[in-house]
Amino acid sequence: LLPRLREAWLEARASTGSSLPEAWSACDALAGRRVAVDCAGRRIEGRAAGVDPDGRLRLVRPDGDIAHLWSGDVSVLTGQ
């Protein structure tokens, strides 16, 4: 997996001149969408706001606070 990931990163960098975070952001299917994250027995809802420099999901909560999440099960919320 790692050799293929490195190869894809090098190809993206060569074709776009962008860094890995920029290339990742261009492919982020959750960006701007309302999501719920089930993480360590709790549910957190908010708007996905990309990935931070450490690779954590940035989640803007309804009160404006930003949660930085390492892992969890993400579900896209619809109809709201």
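## Model and confidence

Numbering starts from 1 along each chain as its sequence is written. Local features need pLDDT of at least 70, side-chain atom pairs count only at pLDDT 80 or more, totals for chains, interfaces and linings use all residues, and side-chain values use heavy atoms, with hydrogens and water left out.

The protein chain has a mean pLDDT (the predictor's confidence in each residue, from 0 to 100) of 85. Of its residues, 86% reach 70 or more. Strand β4 (residues 66–69) has the highest confidence, at 95. Helix α2 (residues 20–26) has the lowest, at a mean of 66. Where pLDDT is low, the predicted coordinates should not be read in detail.

## Fold and surface

The protein chain holds 2 helices and 5 strands. These are DSSP runs numbered from the N terminus: helices are H or I with at least four residues, strands E with at least two. Their order along the sequence is α-α-β-β-β-β-β.

Of the 80 residues, 20% are buried. Buried means under 20% relative accessible area, exposed over 50%, and partly exposed in between (1.4 Å probe, protein chains only). The accessible surface (Shrake-Rupley method, 1.4 Å probe) is about 5900 Å². Carbon and sulfur atoms supply 55% of that surface.

## Leu69 in strand β4

Leu69 sits in strand β4. Its relative accessible area is 8%, so Leu69 is buried. Setting aside residues up to four places away in sequence, Leu69 touches Val37, Arg42, Ile44, Arg56, Leu57 and Leu59. Such a contact means heavy atoms within 4.5 Å.

## Ala40 in a loop

Ala40 lies in the loop between β1 (34–39) and β2 (42–51). Its phi is positive, about 50°, although Ala40 is not a glycine. Most residues other than glycine have a negative phi. Ala40 counts as exposed, because its relative accessibility is 81%.

## Second largest pocket

The second largest pocket has a volume of about 160 Å³. A pocket is an open set of points on a 1 Å grid over the protein atoms alone, where a 1.4 Å probe fits, with protein on both sides within 12 Å along at least five of seven lines. Points are joined across faces, edges and corners, and the volume is the space filled by probe spheres set on them.

This pocket is lined by 13 residues, each with an atom within 4 Å of a point. Leu30, Val51, Arg56, Leu57 and Val74 lie nearest its centre.
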